[in-house]
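Please report on the fold, the aromatic contacts and the local backbone features of this chain. Keep it brief.

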Amino acid sequence: QVQLVESGGGLVQAGGSLRLSCAASGRTFSSYTMGWFRQAPGKERDFVAAINRSGTSTYYVDSVKGRFTISRDNAKNTVYLQMNSLKPEDTAVYYCAAQSGYGGRYQNSYDYWGQGTQVTVSS
């Protein structure tokens, strides 16, 4: 029983940066693996990044490596996605998700989902 709320989306020019935040309810946040996914209009929802319970291990889809950074602050019950060098193809609704185990990039492994936040990158 976890509620997730994303924030920080908006409109930015190509080459710019945004930081997304995901605030979680409850006092067991540190027991969850956290992930970020995104969905562009008319396309499937795709994996972006994941982070383990302690924040010591991360994984990214190839298209964002070197540009995006996932992190977490367990004391604040919050996970972040820092997005740099943004490209128009990054335009999508971004979702955060939580799972009690570790399912890596597979979205069916995640138990809880936020409502999403829109990121738009202009040319």
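Helices (H or I, at least four residues) and strands (E, at least two) are DSSP runs, numbered from the N terminus. This is a predicted model: local features need pLDDT of at least 70, side-chain atom pairs count only at pLDDT 80 or more, and totals for chains, interfaces and linings use all residues. Residues are numbered from 1 along each chain as its sequence is written, and side-chain values use heavy atoms, with hydrogens and water left out.

## Overall fold

The chain has zero helices and 11 strands. From the N terminus on, its elements run β-β-β-β-β-β-β-β-β-β-β. The radius of gyration is 13 Å, close to the 14 Å that the globule rule gives for 123 residues, so the chain is as compact as a globular protein of that length. That radius is taken over C-alpha atoms, and the globule rule is 2.2 Å times the number of residues to the power 0.38. Along its principal axes the C-alpha trace spans about 40 × 25 × 25 Å.

Of the 123 residues, 43% count as buried. Buried means under 20% relative accessible area, exposed over 50%, and partly exposed in between (1.4 Å probe, protein chains only). The chain exposes about 6,500 Å², with carbon and sulfur atoms supplying 45% of it. These areas come from the Shrake-Rupley method with a 1.4 Å probe; for residues, only the protein chains shown count as cover.

Contact means heavy atoms within 4.5 Å. Among contacts between residues at least 6 apart in sequence, 58% join residues at least 24 apart.

Asn77 and Ser85 are treated together here. Asn77 lies in the loop between strand 7 (68–73) and strand 8. Ser85 lies in the loop between strand 8 and strand 9 (92–99).

| Residue | Phi | Relative accessibility |
|---|---|---|
| Asn77 | about 55° | 15%, buried |
| Ser85 | near 50° | 42%, partly exposed |

Asn77 is not a glycine. Ser85 is likewise a residue other than glycine.

## Thr78

Thr78 sits in strand 8 (residues 78–83). Is this residue buried or exposed? Thr78 counts as buried because its relative accessibility is 9%. A polar atom of its side chain lies 2.9 Å from the backbone oxygen of Lys76. A polar contact is a pair of N or O atoms within 3.5 Å; within protein, one must be able to donate a hydrogen and the other to accept it, and residues adjacent in sequence count only if both atoms are side-chain atoms. Not counting residues up to four places away in sequence, Thr78 touches Ser21, Cys22, Ala23, Phe29, Arg72 and Asp73.

Two of these partners also meet each other. The charged end of Arg72 sits over the ring of Phe29, 4.5 Å from its centre. Elsewhere, Arg45 lies over the face of Tyr95, at 5.3 Å from the ring centre. A charge sits over a ring if NZ of Lys or CZ of Arg is within 6 Å of the ring centre and within 35 degrees of the ring normal.

## Aromatic pairs

The whole structure holds six aromatic pairs. One of them joins Tyr32 and Tyr112 edge-to-face, 6.0 Å centre to centre and with 80° between the planes. Tyr32 is in the loop between strand 3 (18–24) and strand 4 (33–39), and Tyr112 is in strand 10 (residues 112–113), so the pair links parts of the chain 80 residues apart. Tyr32 is buried, at 11% relative accessible area. Rings of Phe, Tyr and Trp (its six-membered ring) pair if their centres lie within 6.5 Å; planes under 30 degrees apart count as stacked, over 60 as edge-to-face and the rest as tilted. Phe37, Phe47, Tyr59, Tyr110 and Trp113 form one aromatic cluster.
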